[in-house]
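The sequence and the structure come up next.

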Amino acid sequence: LSPCSGLTHESHRKDVEQVYLRCAEGSIEWMYPTGALIVNLRPNISPASYKHLTVCIKPFKDSSGANIYLEKTGELKLLVRDGERSPSRVYCFGYDQGGLFVEATPQQDISRKITGFQYELMSRGMAADLHTASAPCRPCSDTEVLLAVCTSDFVIRGSIQDVTNEAEEQESVIHVGVSKLYRQKSKVFQLTGESGNWRGQIKTLLECGVRPGDGDFLFTGRMHFGEARLGCAPRFKDFQRMYREAKDKGLNPCEIGPD
């Protein structure tokens with residue numbers, strides 16, 4: 001087992017292990033799976049806050065050897081079937097919907113099997129405010145853009161240098177040249193080369209049909225399983241307009257230099 005620091009586990013019975021994870025994000029890797037694991041997510045926050053949490057898991061690309069269920073009061077709901085191949089698929093559920101029950105499937109040769117997945121816990125509000133959840137390619141409203149500027153993990157002004165489409169994962173990788181970095185939660189955007197230009201990559205769904213083009217955009221979004229995921233991305237001149245209009249009316253939710 002190799003999740004984040006803070007792992008504890010205890011024997012439950014001969015063929016079932018209890019695993020306790022205290023971190024808000026991490027991973028589990030179960031080598032040569034036999035029997036079953038009960039995964040208990042116990043973040044270091046007040047238990048009263050648990051009902052406001054959403055849990056997301058993302059199986060490793062080559063994960064195999066076990067089914068992953070959502071378990072509550074003895075009832076099992078299949079989340080990920082052994083051998084299911086959806087490289088970019090993320091499975092989310094409310095913390096109060098149950099815990100994870102990982103059950104090994106019968107194998108002729110378990111030495112070749114490794115079951116693993118990443119997990120993240122986030123506030124239900126944070127999960128819901130990703131407008132991409134219900135309409136991934138819909139342009140954001142002015143209100144959504146202004147809120148995204150205040151709450152996103154990254155906010156940058158930049159241009160689309162190139163777009164790489166990954167058909168197998170049904171995703172597009174946007175290669176961004178950064179002209180101004182307002183905020184980033186982790187070092188996705190970095191200085192590169194002797195020219196000292198800032199660059200980085202942002203992922204979005206292939207179905208959105210992103211193409212390289214002229215002009216600057218305001219890119220916002222969240223970090224999800226270590227990757228920058230696109231949120232609202234208006235043209236920069238449109239962002240300047242909506243920001244100044246909101247500021248004139250005293251309605252901008254936070255201050256940020258739009259120039």
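Buried means under 20% relative accessible area, exposed means over 50%, and partly exposed lies in between. C137, at 37% relative accessibility, therefore counts as partly exposed. Please keep in mind that this is a predicted model.

**Disulfides**

A search of the whole structure finds four disulfides. Three of them are set out here.

| Pair | S to S distance | Torsion about the S-S bond |
|---|---|---|
| C137 and C208 | 2.1 Å | -85° |
| C140 and C232 | 2.0 Å | about -90° |
| C150 and C254 | 2.0 Å | -100° |

The link of C137 and C208 is left-handed. It connects distant parts of the chain, 71 residues apart: C137 sits in the loop between α1 and α2, and C208 in the loop between β14 and β15.

C150 belongs to helix α2 and C254 to the segment after α3, so parts 104 residues apart in sequence are tied together. C150 is partly exposed at 25%, and C254 is partly exposed at 23%.

**Strand β4**

Six of the six residues of β4 (residues 36–41) are buried. A36, I38 and N40 point one way, while L37, V39 and L41 point the other way. Strand β2 runs parallel to β4, joined by six bridges, with Y20 opposite N40. Strand β9 runs antiparallel to β4, joined by four bridges, and here A36 stands opposite E103.

Terms used:
Residues are numbered from 1 along each chain as its sequence is written. This is a predicted model: local features need pLDDT of at least 70, side-chain atom pairs count only at pLDDT 80 or more; totals for chains, interfaces and linings use all residues. Side-chain values use heavy atoms; hydrogens and water are left out. Buried means under 20% relative accessible area, exposed over 50%, partly exposed in between (1.4 Å probe, protein chains only). Helices (H or I, at least four residues) and strands (E, at least two) are DSSP runs, numbered from the N terminus. Two strands pair if DSSP finds at least two bridges between them. A disulfide is a pair of cysteine sulfur atoms within 2.5 Å.
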